[in-house]
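Biologist: Please show the structure, and let us then discuss it by question and answer.

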Amino acid sequence: MITEFGHFALILAFFVALFQAVVPLVGAHKGWAGWMATAAPAAALQFLLTAAAFLALTWAFVTSDFSLQLVVQNSHTAKPMLYKITGVWGNHEGSMLLWVLIVTLFGFFAAWFGGALPPTLRARVLSVQAMIGAAFFGFILFTSNPFLRMPVPPFDGQDLNPLLQDPGLAFHPPFLYLGYVGLSMSYSFAVAALIEGRVDAAWGRWVRPYTLASWMFLTVGIGLGSWWAYYELGWGGFWFWDPVENASFMPWLISAALLHSAVVVEKRETLKSWTILLAIIAFGFSMIGAFITRSGIITSVHAFATDPERGVFLLAILAAFMMLGLTLFAARAGVMQARGVFALVSRESALVVNNILLAVAAFVVFTGTIWPLVAEMFFDRKLSVGPPFFNVAFTPFMIALGLLMPLGAMLPWKRARVGRIARRLVPAFVLALAVGALAWAMQTGQSAVAPVGLFLAAWLVAGAATDLWTRTGNGEGRLRRLRRLPRADWGKATAHAGLGVTIAGVAAMTAWQAEDIRVVQIGDSYEVAGYTLTLTGVREVEGPNYVATLADMTLAREGRQISTMHPEKRVYPVAGMPTTEAALDNGFLRDVYVALGDPQVGGGWAMRTYYKPLANWIWGGAILMALGGALSLSDRRYRVAAGARRARAKAVPAE
Amino acid sequence: MKRLAAILCLLLMALPAFAVQPDEVLDDPALEARAREISAGLRCLVCRNESIDESNAALARDLRLLVRERVLAGDTNEEAIAYIVDRYGEYVLLRPQTDGANLILWLAGPLMLIIAGGVGLVFLRRRSRAAEPAEAALTEAEAARLREIMDD
């Protein structure tokens, strides 16, 4: 009954979305206030109906209702409750429902906080958002219905893919989707502004929180995914340049560019048409991400749904929205005149360089991702593009970005003198050089990865600190003023420093990790990078829906025991799949990482042990970046912009 | 529980082990390091986007052993890679070759950077020479509303 109710709510939501896509748009065109005013309640209704559908599906998973095909395929009664809930989006149909739920959530947000928007713009934004919603409702209802029943309900389910039964991966999709779909809001704002034929500073301010939020969620989502790969795959890799990873990385790069160019629109009324174009492209990349993941066109580890019919439908949605956006852009870009005038050396120019580097970097990732497809279709070559390509082709952009970032972040608007800024950054630069030199001295005859990486990291962190400190002015009370700096300034410095921290982690781990592969007998000790590991025993353990082989190990340094470690190999009998659960001893400066292998013919167990310097800095940096985004998002001026509605509503009681 | 243990045993036996195994490792650390370096650049054919160095698949193990065989036989890194490519095609190369159509792939980034840099420079120069636009492009009401919204 609840299932039918959810199904019905989903169909209703589809029709509400169709209504909301048409009526407010016509109203805005004709100037009919009544028609425009329907957008906000429709957005709310659409969200509530979708939420009801989502809850109904969640209920089916929680109660293990095996009359639902989806629950049968992705759940099991013995599965822990947490994974029964996360199992809702651990499959194609459910994850699309989550996707569309977030589309309507953002629409609801825009309706709720969009009171300060001019009524026509608001109506158009919500209408475009509803078009996106309607397209995906259609996709779900016609190709991926989660509410299909079983003719004969089985006794139990087939269990969720064991890889997804993990906290890191369980919460990876919702964050990614919040990020992907948040960019639909930027797209809606861009298309609405194009229809409106005007882009001004206020538009820049309205669109920025959504972009910032998307970027922040993408950062968290990508971070979670990479963290999961690190501890789950058994050898501590954190980034593989897999097509599906790239699919999330491209929107991240583009949204980073977009949130910087929106600042220029907001503060200086320049870069308008570029910002609009970026907003359209950013959502395009989000949908390409959905397409790559869902269609399985570029097969990869993640493509758990492989179905051409769905792929074609998604491709049609992608093409329709890109054509709509780009056609409007071509027709209307001329009316968006740049207003701000600035010198060649200025914050504006620095942000243009930022945008060029980020956009071209995204382009490189894009070419690398689709090249195997292009080469096979047009050149009849079956080839692979893997990490060696991306490391060579992508890294230079990050180095250039890192080198310029502290300088660019401190340049004033309009006109700047590099000399003055550079003098302030001298201490940061010297410090960074010292760190780089230290890294160079610590290693002998290895690659330049660690010295360059640690130099950049120190330069970014010290540069961000210098930026904040410079903002406090001169004389007494600088510390007090530091505390009172706008949150946006703190957010910017935190995010920039976060990138530095991540670079430090990546560089140190790439250059200095130590690996050890061997057969260990029970009772034996061995040494890796100054740590002594002892295998004290191996036993079988039974989990709720798996059985595990678990090793007991002790970790010691200089004869003193630091901790015990328990690497596991699990087998999920229902799904028939094994997983490795590596044991980690986390530290600020290093991780010790142990993965358990197979029992050997001559006795003993295969063991892989790693010493991973600065491993946690990779994700620590991602957390800092996301925190920076959150700080910036909580800045006073967005609250003021949102609050303007209430003030106005009071002033003008009847409209 | 007994049945579960039986299933477990069966599964364990059938399961491929993880990546490089202790019995594959060469005695000479220099040769082993070279073998690892070569393996990291070769794709596991049956898995998706994983190098044979990372992969758990049985085929990856065969390839790893083959690489070690070639290294022991005195091949240089290039010769060993060429040996594998001859048998499995360029699909195994994770780093695409820099010939023919692949030049498009390799040059796409640098070319795009040059184009974007050129367009950016033209834009910046034009902006730095443009005249300040006349203010009051907004109507009085719009300006008031903008002030209201933008006021920090």
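Biologist: In which helix is the place of A:Met185?

Modeller: This is a predicted model, in which local features need pLDDT of at least 70, side-chain atom pairs count only at pLDDT 80 or more, and totals for chains, interfaces and linings use all residues. Residues are numbered from 1 along each chain as its sequence is written, while chains are lettered from A and ligands numbered from 1 in the order in which they are written. Helices are DSSP runs (H or I, at least four residues), and strands are runs of E of at least two, numbered from the N terminus. A:Met185 falls within residues 172-196 of chain A, that is, helix 9.

Biologist: Is A:Met185 buried or exposed?

Modeller: A residue is buried if 20 or more other C-beta atoms, placed from the backbone, lie within 10 Å of its own, exposed if 12 or fewer, and partly exposed in between. Because A:Met185 has 27 C-beta neighbours inside 10 Å, A:Met185 counts as buried.

Biologist: What distance separates the C-alpha atoms of A:Met185 and A:Gln129?

Modeller: Contact requires C-beta atoms, placed from the backbone, within 7 Å. Leaving aside neighbours within four places in sequence, the contacts of A:Met185 include A:Gln129. The two residues are 56 residues apart along the chain, and their C-alpha atoms are separated by 6.8 Å.

Biologist: Which helix gives the most to the side of chain A that touches chain B?

Modeller: The contact takes 57 residues from chain A and 46 residues from chain B. Helix 10 and helix 15 are among the elements of chain A that each supply at least two residues. With 11 residues, the one giving the most is helix 14 of chain A.

Definitions and conventions: Two residues are in contact if their C-beta atoms, placed from the backbone, lie within 7 Å.
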